[in-house]
Amino acid sequence: MRLISLHAYLSPIFVLLLCFISSSANSAIDTFEFDSTEQEQLFHDLSKKLRCPKCQNQNISDSNAQLAKDLRNKTYELVKQGKNEEQVVDYMVARFGNFVRYDPPMTPATIFLWLGPLLFILLGFYFLYGQIKKQNKPEQQLDLQEAKRLQKILGKKTAADEKLKQGSKK
Amino acid sequence: MANTRKIITLSVPLIIFFVVCFFLFKGLYSDPRKLDSALIGKSVPEFTLQDIYNPEKQYDASIFKGQKMLLNVWATWCPTCYAEHKFLNELAGQGIYIIGMNYKDNRPKAIKWLTDLKDPYQISLFDKNGMLGLDLGVYGAPETYLIDSKGIIQYRHVGALNEKNWRNTVLPLFNEME
Amino acid sequence: MLAEIGQFALAVACMLSLLQTVYPLYGIYARQQTAIESAKILTVLQFVFVLLSFLILSYLFLVNDFTVTYIATNSNSALPWYYRLSAVWGAHEGSLLLWVFLLSLWSTAVALMSKRLPIESIARVLAVLGLLSLGFYLFVLLTSNPFLRTLPYFPVDGRDLNPLLQDIGLVVHPPMLYMGYVGFSVAFAFAIAALLEGRLDSAWAKWSRPWTMAAWVFLTLGIALGSWWAYSELGWGGWWFWDPVENASFMPWIAGTALIHSLAVSEKRGVFKSWTVLLAISAFSLSLLGTFLVRSGVLVSVHAFASDPARGLFILGFLILVIGGSLLLYAVQAAKVKSRGRYRLLSRESLLLSNNIFLIAALIVVLLGTLLPLIHKEIGLGSISIGEPFFNRMFSVLIVPFALFLGVGPLVRWKRQNLSELIKPLGSSLVATIVLTLLFLILFASHFTWLALLGVFLGFWVLTTTCYELYLRATHRFTLFKGLSKLGNSHWAMSLGHAGFAVMVMGITMTQNYSIERDVKLAVGESIAFEHYDFHFDAIQALNGQNYTGSMGIFTVRKDQNLIATMQAEKRIYTVQRMPMTEAAIDAGFTRDLYIAMGEMLPDGAWAVRIYYKPFIRWIWFGPLMMSFAGILMMLDRRYRIKKVEKPLQENC
């Protein structure tokens with residue numbers, strides 16, 4: 001009785017946890033055989049670039065979920081048939097959508113993945129250049145007030161340090 | 001004046017932050033694991049599958065033409081399917097045409113399930129190796145597809161159908177279809 | 001009863017944090033000295049209560065009190081005591097308690113160790129920290145209370161700690177990481193206090209520098225530990241997955257790295273102050289954002305905590321309040337800041353800022369890559385995934401100018417530098433770099449790839465320029481060895497930190513380009529030849545651990561008939577959660593790791609086995625270790641830094 005009521009209370013959490021545990025903790029190892037090392041390499045590359053749609057966030061190579069196994073088998077089959085990387089990815093995208101590929105396609109939104117950082121770099125250097133050009137009027141490094149304040153703190157500190165030193169000498 | 005301009009420049013991070021927050025807020029109420037089907041607007045893929053009761057009987061994609069219907073993907077190993085089954089029977093009772101696809105399952109078990117729990121399906125396909133499942137992009141049972149009379153997939157519902165989501169989301173879409 | 005006391009102590013700490021926020025600020029407003037001075041006492045008191053609460057939870061874990069829900073879900077009586085203790089932060093509720101506890105620890109450290117700061121400034125800083133604590137206390141108490149009871153029905157035994165977390169790496173990793181995240185709150189509080197005061201000056205930069213550095217060291221170690229743990233524990237030989245949660249820790253790290261550099265410039269030269277403040281706000285804001293991402297379930301991640309929209313909503317509200325508020329304050333107050341230093345296009349200032357630009361560009365890559373899938377779906381364009389191929393491509397591009405500039409930076413003088421004086425050091429470094437790169441590749445690379453050439457070149461570029469700079473600096477006035485011994489700690493810190501970065505880059509390059517993976521079928525007695533190594537499957541043994549069972553494969557590895565290692569790869573089944581775990585066998589080496597993970601037993605009695613050859617993978621963690629050590633060196637060098645600041649000051653006055 002006791003245990004049952006606890007389970008009923010906690011079960012949603014366990015289901016969540018177990019879902020991710022069962023698929024992630026245990027790496028999936030298959031023993032496929034290939035015609036050539038290129039094929040084997042292609043298979044390994046592909047299984048790292050394709051995402052298992054059922055799992056939390058894993059490629060089909062790392063996951064032990066049933067669907068990941070199916071997709072690995074299909075990938076193996078397609079690679080064995082001599083399909084190239086693009087063809088296999090297209091095959092998967094046609095069925096599972098763009099979610100299945102870790103390398104996102106160009107869309108009006110994903111273009112910002114590339115544009116965003118680039119724009120920032122250009123803007124950043126534009127600002128830096130502007131700053132340097134603006135510095136023609138003569139100015140002091142630190143203004144007087146600031147300097148005094150810093151001096152005060154440093155003064156206190158060195159005084160304290162000296163006291164300490166003397167103390168240790170004694 | 002120069003100061004105002006400076007304030008505006010310095011407000012850029014704040015503005016970006018609020019935009020991000022807007023999306024984060026929206027994200028709280030949508031499940032990132034629910035995926036739209038890649039086949040929406042396309043016909044049901046070609047296939048040849050056996051009937052679940054009768055291995056002699058074979059079906060192909062033509063069964064999806066002629067009237068609008070639901071295609072329900074299920075399996076006996078799927079606990080959520082069990083929860084959903086009763087509601088599917090109700091829908092069948094209301095006269096909704098449902099085709100069932102038994103996905104990666106065991107035939108005797110599936111037949112027992114349908115006999116014990118009542119069979120809501122007009123046609124039951126037996127997809128033992130998950131061939132059609134893969135072509136449909138099934139990533140977890142149960143899934144329910146809305147297919148119009150021309151055999152075009154219009155919507156996919158992931159997870160169990162129940163009174164609430166049927167009334168709020170699926171039925172309006174079903175009524176809209178031809 | 002004890003659990004209730006723990007909860008009560010937490011509530012008291014919450015009230016104290018409210019006082020810590022309000023009372024000192026009131027004191028500053030009303031010019032009441034006692035109220036201002038109360039900040040320190042309140043902070044320490046708050047710490048005492050949260051410590052009590054934390055100790056009680058730890059004790060309850062130790063004595064297996066399964067009437068507490070959180071303990072029943074995350075512990076088990078068969079669990080070894082040290083894992084029972086680390087289970088305190090094994091899930092959402094307890095890890096949040098750890099978070100507030102560490103926040104309080106940092107606040108107390110600030111209160112006790114800043115005797116030289118004006119009391120008003122300290123009061124402001126502590127008030128800001130108090131506000132942050134208050135938010136987190138409310139979060140724990142209202143949504144994630146670890147002390148809730150399961151009464152009247154309680155289980156005989158607990159559901160056990162997630163077996164993934166039963167590893168020494170994960171005992172230490174979360175506290176380290178949280179020390180980093182939370183530590184940035186100090187830099188944040190200093191920045192906000194300075195903005196409130198309207199006084200952003202070199203003194204502010206000087207004070208916040210050691211605190212920021214300490215937080216950064218913890219974060220660096222925390223991330224490196226996590227990466228090392230993933231590699232050794234998860235059984236697929238990876239060390240970084242670009243998972244949203246990893247990105248959530250990487251973003252504050254990048255911002256923090258930019259911040260420690262920018263702080264140095266602001267302190268020494270009084271420039272970029274408004275930029276530095278923005279970085280200080282960003283570093284902590286990104287830590288908070290990370291907390292939100294991990295605990296709200298908006299993104300699909302392997303590291304997810306059990307999520308709940310109510311928690312998500314609470315953190316989001318808190319984010320808007322804290323980050324929105326501070327960015328607003330920033331927009332208004334930073335406009336008044338004037339930059340006073342002067343520097344030319346070719347100067348250390350502008351090179352440092354350039355590298356800040358590249359760092360933040362990298363940060364934007366990670367931020368966009370993490371959040372865009374969410375936005376993409378919300379604006380109706382469908383679900384997408386952004387993962388390793390994208391990030392790797394972007395980072396291999398961004399790192400090129402970054403590492404090139406990084407090599408040049410230390411050779412360049414403050415204020416201005418003649419290009420002609422740079423030609424000789426840069427030219428000779430370039431020649432040395434090319435020679436070293438080619439030698440290295442000939443010795444260690446099995447075949448040629450452009451990316452490997454590029455990565456190794458960049459690594460050696462940073463190394464040689466760093467050494468050259470040390471040499472120049474040392475022989476400036478003295479002979480080489482005397483000069484080297486005269487160099488200050490912070491100079492060594494800079495060189496060591498940059499060298500650490502170079503080591504990491506080379507490690508990543510070699511691992512990414514020359515790793516070999518084989519999935520094979522092996523029966524006992526069979527062997528497989530692999531990259532000049534011969535792996536022989538000797539035996540399989542049954543395992544019987546305290547809370548798991550399983551089997552262990554024993555392998556001997558030979559190279560040219562010489563025994564290299566005996567390796568034991570385990571496959572465990574944790575009995576309570578019925579969860580299989582791979583314990584990989586790793587033979588670690590300076591230039592390569594050998595790695596064996598057991599798969600399933602196949603129907604014919606053979607085993608699926610995965611073998612990796614991972615060249616230079618240790619360097620990936622050795623680099624961050626060097627960087628952390630550099631950070632510690634820097635912190636030890638306070639006196640040196642003070643003298644450095646004094647000089648330009650005296651010149652001015």
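In the predicted model, Tyr468(C) and Tyr471(C) both belong to helix 15 of chain C, which spans residues 450–474. The two residues are 3 positions apart, about one turn of the helix. Their ring centres lie 6.1 Å apart and their planes meet at 65°, so the pair is classed as edge-to-face, the angle being over 60 degrees. Tyr468(C) is buried, with a relative accessible area of 18%, whereas Tyr471(C), at 43%, is partly exposed.

Over all chains, the count of aromatic pairs comes to 62. One of them joins Phe87(B) and Trp166(B), whose ring centres are 6.5 Å apart and whose planes stand at 70°, so this pair is edge-to-face. Phe87(B) lies in helix 3 (residues 79–93) of chain B and Trp166(B) in helix 6 (residues 163–176) of chain B; the pair therefore ties together parts that are 79 residues apart in sequence. Phe87(B) counts as buried at 8% relative accessibility, and Trp166(B) counts as buried at 4%. An aromatic cluster is formed by Trp114(A), Trp216(C), Trp240(C), Trp242(C), Phe250(C), Trp253(C), Phe390(C), Phe391(C) and Phe395(C).

The contact between chain B and chain C involves 24 residues from chain B and 32 residues from chain C. The area buried between these chains is about 2,400 Å², with carbon and sulfur atoms giving 76% of it. Across this interface, 0 salt bridges are found, together with 4 residue pairs in polar contact. On the side of chain B that touches chain C, the elements giving two or more residues are helix 1 (2–10) and helix 2 (12–28) of chain B. Helix 2 gives the most, with 12 residues. By class, this side of chain B has 15 nonpolar, 4 polar and 5 charged residues.

Terms used
Residues numbered from 1 in each chain as written. Chains lettered and ligands numbered in written order. Predicted model: local features only at pLDDT ≥ 70, side-chain atom pairs only at ≥ 80, totals over all residues. Heavy atoms only, no water. Contact = heavy atoms within 4.5 Å. Buried area = accessible area lost by both parts, 1.4 Å probe. Salt bridge = Lys/Arg side-chain N within 4 Å of Asp/Glu carboxyl O. Polar contact = N/O pair within 3.5 Å; in protein donor to acceptor, adjacent residues only side chain to side chain. Helix = DSSP H or I, 4+ residues; strand = E, 2+ residues; numbered from the N terminus. Nonpolar A, V, L, I, M, F, W, Y, C, P; charged D, E, K, R; others polar. Phe/Tyr/Trp six-rings, centres within 6.5 Å; stacked < 30°, edge-to-face > 60°. Buried < 20%, exposed > 50% of the residue type's maximum accessible area, 1.4 Å probe, protein only.
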